[in-house]
Structures are given as C-alpha cells and as structure tokens.
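Colleague: I'm new to this one and would like to learn how to read it. Could you walk me through it feature by feature?

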Amino acid sequence: MSVITIERKVLEKNDEVARQNRTLLADHGVFALNMVSSPGAGKTSILERTLEHLRGSLRVAVIEGDVQTDLDARRVAKYNVPAVQIVTRGGCHLEANLVRDALGNLDLKSIDLLIIENVGNLVCPSNYDLGEAMKVVVASTTEGDDKPLKYPAMFRNASVLILNKIDLLPFCDCNADLMEERARAINPALQPHLSLIPAATLAASYREGMRYAYMRAFREAARACAGDALASMLEMDLHALQDRGIDHLGDDRERLRQRYAAVAHPVAAEVVRWLDGAYTVDRWEPEAG
Ligand SMILES: Nc1nc2c(ncn2[C@@H]2O[C@H](COP(=O)(O)OP(=O)(O)O)[C@@H](O)[C@H]2O)c(=O)[nH]1
Ligand SMILES: [Mg+2]
C-alpha cells in the first residue's frame, strides 16, 4: 500500500511541475509534442524527416531523453535546430522537472514547435505529463500488432498514433489493419471525427495556461465538433466511453448504443461503430484440439 501512496505523491508533484511547464510554453506560444514508443520504433528517424520537412517554415527545437549518451541529440543537431539532451542515468522515462530544466536551456521566444523525444519505453512515460500539448505514440510493424492490447495506457493517453516501418510488413507477421483497429478499440478518440474533440481542447490549454480546466475545455470542444445535444451526451458518458473499456460496459453497452444510434451525426456514428465492436480488441481464438 505504501508503494501506491508514494507513487501518487510523486505523480501529483510531477503534475504540478507539468502545469508550470504548460503555462511557460503557452506564454511563449510554443506548441509541444511528447513522442513515445518502445526503443527503436523510429522516433528519432521520424524526427529527422520532420525537421527536414519543416525547415524554413517553423522554428523547431528538440529535447531528447535517453537513459545514456547524447547520440540522438547529435543526430538532431545536424539539422541546425536547438537540441538539449537529458540523460536520465537509468531512469526509464522523462519527468516534468527534467523537462523544466531543459527548457531553461532553450530560447523559448524563438521557438514555435518543441518536440520532446521520450525515453524508449511503452510503460512508464504514459503516466508522466511533461506539460506537452499531446502525446504522439509511434508503433512499428516489427513490434507486432498486439502492442496496443499489451500496453493500453500508452495508446489510451496518446492523441496521435504513427505506424512506422511499414516497408517491413512483408517480412514480419504483423497485420497493420488489426493493429490500427486494436489501437482504436483501446482509445475511441483515435476515430477520425471523435479525435477532433481532444484536438480542439488544445487551443484552450494554451490560451488559459494555469486556469485551464479540462472538463470545461472538453465541453466547449465537444459543442463545436458535435453540437450542443450530442456534446451533453458525450460529457455524461465520458467515463464509460473513455475509461471503462468496451468489455466492461455490461448492460450499458446496449443502452448507449440505442441512444447514439438515434443521433444522425458522424461523431455519434463512430461511437456506435465502437460499441458494435467494429474495432474489436480480441480476435484471438484458441486453436481447436
Ligand atoms: N526499415 C525501416 N527502418 C526504420 C524505419 N524507421 C526507423 N528505422 C530504423 O530503426 C532503427 C531505430 O530507429 P530510431 O529512429 O533510432 O528509433 P528510436 O529509438 O525510436 O528513436 C534505426 O536503425 C532506423 O534506421 C522505417 O520506417 N523502416
Ligand atoms: Mg531515439
């Protein structure tokens, strides 16, 4: 029990520093992404291509998190962007206070986009808010299509999923469609229309800084994306849709299905598809015999 208590205190402290980071970034108009994945999924490679692509259009800076070495910061610095390496010396994730220290080494006034590459790990980074606008999870085909099921917290907390190493699909036993469906099943908000709602809360998080209140922002974003009536339904059912998971809805599943099926709106249609199990979590069946 004491372990749980300590962990909660650590996370509360972390969240407080993350809020300060968010305000600092907002005050300087910096949009921050937190890239997470297992080791070697391709975060730095995607970052390199992104830097190449954005050259001349956005002012980008990078914070690299690694257990040891500054190899990734060196890769990134070749693109002539400010890059700060955090070496965690064994720590398996970045924490908000480490990012705060790194921000002290950057000239925030001259940055539009900050990309934080987290330590390669599909478990711990999901719990730690760094003050970013959104988490981007990179999953690669060579890891297998079961990763959203095995590491649900990472996929649930991410706003964007990048499926990488698709050139290797012919060589590995990974079903990319199934992987995508599983990710959508874990996180209903990864659906095309529903995902507009968390995306629309971003503007408020930057505008309001420390005053940012998630539920109020959600309500406003949901109204803008789905209309007043549907927004009220989504707010009422948020816990069921977002946290309980489709397999734990019991009788509520049919009740929810009927209510959303009665609404003619693409957002409602995505909820119904999800409730119908279109994005099934578990297609595995034991072999006969
Ligand atoms: N075949 C293939 N290899 C890739 C791709 N993306 C990254 N890699 C390779 O995967 C390895 C790990 O990539 P890296 O970007 O360092 O991963 P990170 O640990 O997540 O930052 C490197 O050897 C990359 O060249 C891809 O799309 N296809
Ligand atoms: Mg890397």
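Modeller: Let's begin with two helices: α9 (residues 214–226) and α10 (residues 228–236) pack with their axes 7 Å apart, at an angle of about 135°. That makes α9 oblique to α10, a word for whatever is left once under 35 degrees is roughly parallel, over 145 roughly antiparallel and 65 to 115 roughly perpendicular. Axes are lines fitted to C-alpha atoms, for helices over the stretch in contact, with angles from 0 to 180 degrees between N-to-C directions. Helices (H or I, at least four residues) and strands (E, at least two) are DSSP runs, numbered from the N terminus. The model is predicted, so local features need pLDDT of at least 70 and side-chain atom pairs 80 or more, while totals for chains, interfaces and linings use all residues. Residues count from 1 along each chain as its sequence is written, with chains lettered from A and ligands numbered from 1 in written order.

Colleague: Which residues make the contact between α9 and α10?

Modeller: Contact means C-beta atoms, placed from the backbone, within 7 Å. Here α9 brings Phe218, Arg219, Ala222, Arg223 and Ala226, and α10 brings Asp228, Leu230, Ala231, Leu234 and Glu235. They divide into 6 nonpolar, no polar and 4 charged (Ala, Val, Leu, Ile, Met, Phe, Trp, Tyr, Cys and Pro are nonpolar; Asp, Glu, Lys and Arg charged; the others, Gly among them, polar).

Colleague: At roughly what angle do α12 and α13 cross?

Modeller: Roughly 155°, with the axes of α12 (residues 252–261) and α13 (residues 266–275) coming within 9 Å. That makes α12 roughly antiparallel to α13. Arg253, Leu256, Arg257, Tyr260 and Ala261 in α12 meet Ala268, Val271, Val272 and Leu275 in α13: 7 nonpolar, no polar and 2 charged residues.

Colleague: In what order do the strands of the sheet lie?

Modeller: Strands of a sheet pair through backbone hydrogen bonds, either parallel or antiparallel. Here 6 strands form an open, parallel sheet in the order β3-β2-β4-β1-β5-β6 (pairing takes at least two DSSP bridges). At the edges, β3 (83–87) and β6 (160–164) each pair on one side only. Further in, 5 bridges join β2 (residues 60–66) to β4 (residues 113–117), and Ile63 stands opposite Ile116 in β4.

Colleague: Which residues are closest to ligand 1?

Modeller: Gly42, Lys43, Thr44, Ser45 and Lys165, out of 13 that surround ligand 1 (C-beta atom, placed from the backbone, within 6 Å). The shell has 3 nonpolar, 7 polar and 3 charged residues. Helix α2 (residues 43–54) gives the most, with 3 residues.

Conventions. Contact = placed C-beta atoms within 7 Å.
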